[in-house]
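My entries follow in the order of looking.

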Amino acid sequence: MPIKILPPEVASQIAAGEVVERPSSVVKELIENSLDAGASHIVITIAGAGKDLIEVSDDGSGIPETELPLAVERHATSKLSSAADLFQITTLGFRGEALSSIGSVSRMSITTRQTGSQAGTILKIDGGVISRPKAIGAPTGTSVRVQNLFYNIPARLKFLKSDRTERSRIDEVVTLYAIAYPEVRFELTQDERDVLKTSGKGGRLEILASMYGVDIARQMLEIRSNHDHLQIRGFISPTTITRTNRKAITFFVNGRPVQDAALVAALLKGYHTLLMVGRYPIGIIFIDISPEMVDVNVHPAKAEVRFRDREDVFVSVQNVIRGVLLAHTPVPGLGPQLRWSPTSSNSGVDVSWTVAGDKGFSGQENIPQGSQQSEGVGGMATQSALPSSRVPLLRLIGQIASAYLVAEGPDGLYLIDQHAAHERILFERYLSQSQEKIPSQTLLEPAVVELPPAGFRQLDEQIPLLEKLGFKLEPFGPSTMLVRAIPALLGNLDPASALRVLVEDFEEDETPLQEEIESMIIARVCKRAAVKAGQVLSPEEQSELLSNLEACRSPRTCPHGRPTMIHISVDLLEKQFGRKGAR
Ligand code: ADP
Ligand code: MG
């Protein structure tokens, strides 16, 4: 075929495809326009998962009657006039593409009235064909009605996900803007059902509660860090609340939600070793940075940004998150369940531990390991959260049940899980040594180990890392490894079991960062290598374990996120013995 310039309708449909991928992208662009117009109240009405109707009405500035036909032209914007402005952008829009794109793939009408004007104006576009504007009675502000989205591109319609998915993407988009702009009142209804209503009073917690429930919202940790050029604020979940994937992590840069794998990685680094491997936190982080330090003109849907000083931003994110988490990872205290229960067992005392304030855990949450709340249930203050992550100096008393060490600290009794503690110690030792090699034990005779194909692929990709960890492996056929050496720590395992330790389930839809893979693998090795419950330790071994734990950087949890110790305060003992505040 000869080269031709595409007819304008085709060119604009191609361009529209980048901006308007699905109904939720229309919702996003229209909300951004309303916010740019200074709206304080935005009403979003959806029917048929956005395919039948998307209507966004605001009480913003309105569009001047004379400019209305221009607003729907491509590359027509009131937000930018020169290329230099691109580095001073303080609005959400600037590309001048949304209205024209949406208008070319739907039947759209815009009704608008500026403050001070006599009447409103309505303009219709049908599949890119613009009609003449007409006068109409209308409140101040703008209302954009989009019907039959993609009616003229059936291929696009076919690519949409189920109505349920498209509806929930719309919910997500609206909620994100609602939390980013808490001083704006948002109302969302889908098929006449109220989905979200915010008060516009500036509180973000109410919106968090609508996203994750009141219980989780209450436990979220607030972050705040202020440097003149960079402000980081937001909410992150404590290490007790996790998800199986990263989808609950969102960053906003200058009020715009962005997808940035490196920012997510910086956040995860802040949680490094504090979460169970394969678990991810919830995080809503707002980064405010001067506009000239960030390029927002990277992506047609404005979903990505580029920082001028990446390193500075990432390190700041990591540090503020780390700081907040370390200040909030208390030693779990004993809850009110410490009680004398003569009937329950022959040991007489039934000591089950709970974390004060924890209402048990279900579904997504992992094992309780600490809580920042210090009030106990039933009026008993039982938890003494330590301000830092460190363990206080402990005096060893002994071992019980061949599983726990008992120690005295400045404020009461500490019970240490020997297996979890040893896992933590080995984990930190391995991590710190991962620059150098870890002692390896060469097998007298190399062993041939057959692996499941997925497991083989994982190991094959990680051979250099595994070598640092003391494994010497060579691929030997399509799914077979030749094992020449294993870490000395795993010396008691046969080679096949040692390899199996490495290839437990990676989450399928996740592609872990190299660093996550590394800690995952190290955590697995440590789990296998650590002393087990049931192993009697000599007094020397006990005190060595304790002092090694004291030297750890994050001594209070094992690499899988379980607590290494629980604390029974003198206060609790006194209450239990009826000396103080007895009930
Ligand atoms: P952009 O937002 O990138 O400028 P759009 O195509 O989204 O491009 O909008 C084009 C122009 O229409 C905007 O620059 C703005 O002047 C005007 N406009 C769009 N929506 C609204 C609105 N809700 N209120 C006031 N003006 C609007
Ligand atoms: Mg816009």
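I looked up how β10 connects to β11 and found a hairpin of three residues between the two. The model is predicted, so I kept its limits in view: local features need pLDDT of at least 70, side-chain atom pairs count only at pLDDT 80 or more, and totals for chains, interfaces and linings use all residues. Residues are numbered from 1 along each chain as its sequence is written, chains are lettered from A and ligands numbered from 1 in the order written, and side-chain values use heavy atoms, with hydrogens and water left out.

Strand β10 covers residues 221-226 and pairs antiparallel with β11 over six bridges. I took strands (E, at least two residues) and helices (H or I, at least four) as DSSP runs numbered from the N terminus, and I called two strands paired if DSSP finds at least two bridges between them. Within this pairing, Ile223 has Gly234 of β11 as its bridge partner.

Strand β11 also runs antiparallel to β14, with seven bridges joining them. There I noted Phe235 opposite Ile284 of β14. I then checked burial in β11 (residues 230-236): five of its seven residues are buried. Buried means under 20% relative accessible area, exposed over 50%, and partly exposed in between, with a 1.4 Å probe and protein chains only.

Entry 2, aromatic rings. How many aromatic pairs does a search of the whole structure find? The search returned two. Rings of Phe, Tyr and Trp (its six-membered ring) pair if their centres lie within 6.5 Å; planes under 30 degrees apart are stacked, over 60 edge-to-face, and the rest tilted.

Phe252 and Phe286 form a stacked pair, with 4.7 Å between centres and 25° between planes. Phe252 belongs to strand β12 (residues 249-253) and Phe286 to strand β14 (residues 283-289), so this pair ties together parts 34 residues apart in sequence. I read 0% relative accessibility for Phe252, which is buried, and 4% for Phe286, also buried.

Phe307 and Phe314 form an edge-to-face pair, at 6.3 Å centre to centre with 85° between the planes. Phe307 is buried at 7%, and Phe314 is buried at 9%.

Arg204 lies over the face of Phe286, 3.8 Å from the ring centre. The charged end of Arg107 sits over the Tyr151 ring, 3.9 Å from its centre.

Which residues are closest to ligand 1? I listed Asn33, Thr77, Ser78, Lys79 and Gly96 as the closest of the 20 residues that surround the ligand, where near means a heavy atom within 4 Å.

For polar contacts I took pairs of N or O atoms within 3.5 Å. A side-chain N or O atom of Asn33 is 2.8 Å from an oxygen atom of ligand 1. Lys79 places a polar side-chain atom 2.7 Å from a ligand oxygen atom. Leu99 has a polar backbone atom 2.9 Å from an oxygen atom of ligand 1.

I located Glu428 in helix α11 (residues 418-433). Glu428 is buried at 15% relative accessible area. Leaving out residues up to four places away in sequence, Glu428 touches Cys552, Arg553 and Ser554; contact means heavy atoms within 4.5 Å.

In helix α14 (residues 495-502), six of the eight residues are buried. They are Pro495, Ser497, Ala498, Leu499, Val501 and Leu502.

Note on methods
Lys NZ or Arg CZ within 6 Å of the ring centre and 35° of its normal. Polar contact = N/O pair within 3.5 Å; in protein donor to acceptor, adjacent residues only side chain to side chain.
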